[in-house]
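Please brief me on this protein model. Cover the confidence, the sheet, the charged side chains and a few individual residues.

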Amino acid sequence: TMVKWAMTTIKATVATAGTPVQLSTIDNVARVLDIKADPGNSGIIYIGDSTVDASAKNGFALEAGDVWVGEDVNMSSIYVDSTANGDVVAGNYRVA
């Protein structure tokens with residue numbers, strides 16, 4: 001039996017450095033979530049929960065073009081912050 005996966009794209013912009021942005025309001029567990037820091041970013045993206053803080057270097061750091069992959073992640077619990085205004089992350093997620 002073939003299992004079909006629905007792949008969905010997600011994107012977030014950190015308008016103001018130092019202010020965490022919720023990646024998604026979807027309260028669902030993603031089987032796989034990948035997040036890529038846009039190659040054109042000028043700052044460093046930090047990924048974490050609602051307490052992520054780029055100025056304190058609190059979170060998982062992504063430089064421009066880097067990718068983070070998580071499994072069995074609650075989508076609404078992921079936040080991003082950046083050391084530069086306007087930095088962007090994009091990614092894909094699959095829900096079983």
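The points below are grouped by topic.

This is a predicted model: local features need pLDDT of at least 70, side-chain atom pairs count only at pLDDT 80 or more, and totals for chains, interfaces and linings use all residues. Residues are numbered from 1 along each chain as its sequence is written, and side-chain values use heavy atoms, with hydrogens and water left out.

**Confidence**

- The protein chain has an average pLDDT of 92 (pLDDT is the predictor's confidence in each residue, from 0 to 100).
- A score of at least 70 is reached by 93% of the residues.
- Confidence is highest in strand β7 (residues 79–82), with a mean of 98, and lowest in β1, with a mean of 89.
- Strands here are DSSP runs (E, at least two residues), numbered from the N terminus.

**The four-stranded sheet**

- Four strands form an open sheet in the order β2-β7-β4-β5, with antiparallel pairing.
- Two strands pair if DSSP finds at least two bridges between them.
- β2 (21–22) and β5 (60–62) are the edge strands, each pairing on one side only.
- Two bridges link β2 and β7 in the antiparallel sense. Here glutamine 22 stands opposite tyrosine 79.
- Four bridges link β4 and β7, again antiparallel.
- Three bridges join β4 (residues 45–48) to β5, also antiparallel.
- Isoleucine 45 has a bridge partner in β7, serine 82. Isoleucine 45 also has a bridge partner in β5, leucine 62.
- In a regular strand the side chains alternate between the two faces of the sheet.
- In β7, Tyr79 and Asp81 point one way, while Val80 and Ser82 point the other way. All four are buried (buried means under 20% relative accessible area, exposed over 50%, partly exposed in between; 1.4 Å probe, protein chains only).

**Serine 82 and aspartate 87**

- Serine 82 lies in strand β7. Serine 82 is buried, at 1% relative accessible area.
- Aspartate 87 belongs to strand β8 (residues 87–95).
- The side chains of serine 82 and aspartate 87 make a polar contact at 2.8 Å.
- A polar contact is a pair of N or O atoms within 3.5 Å; within protein, one must be able to donate a hydrogen and the other to accept it, and residues adjacent in sequence count only if both atoms are side-chain atoms.
- A polar atom of the serine 82 side chain also lies 3.1 Å from the backbone nitrogen of alanine 84.
- The side chain of aspartate 87 reaches the backbone nitrogen of glycine 43 at 2.9 Å.
- Not counting residues up to four places away in sequence, serine 82 touches residues including Val14, Gly18, Ile45 and Ala54 (contact means heavy atoms within 4.5 Å).

**Charged side chains**

- Which charged residue is buried yet has no salt bridge? That residue is aspartate 87, and the nearest side chain of opposite charge, lysine 11, is 12 Å away.
- Lys and Arg count as positive and Asp and Glu as negative; His and the chain ends are not counted.
- Side chains of opposite charge can pair when their charged atoms come close.
- One salt bridge is found in a search of the whole structure (a side-chain nitrogen of Lys or Arg within 4 Å of a carboxyl oxygen of Asp or Glu).
- The salt bridge is formed by the side chains of arginine 31 and aspartate 72, at 3.7 Å from N to O.
- Arginine 31 is in strand β3 (residues 29–37) and aspartate 72 in strand β6 (residues 67–74), so the pair ties together parts 41 residues apart in sequence.
- Arginine 31 is partly exposed, at 40% relative accessibility.

**Glycine 18**

- Glycine 18 sits in the loop between β1 (6–14) and β2. Glycine 18 is partly exposed, with 36% relative accessible area.
- Leaving aside neighbours within four places in sequence, glycine 18 is in contact with Asp81 and Ser82.

**Positive phi values**

- Lysine 57 has a phi near 55°, a positive value in a residue other than glycine.
- Lysine 57 lies in the loop between β4 and β5. Lysine 57 is exposed, at 64% relative accessible area.
- Aspartate 72, in strand β6, has a positive phi near 50°.
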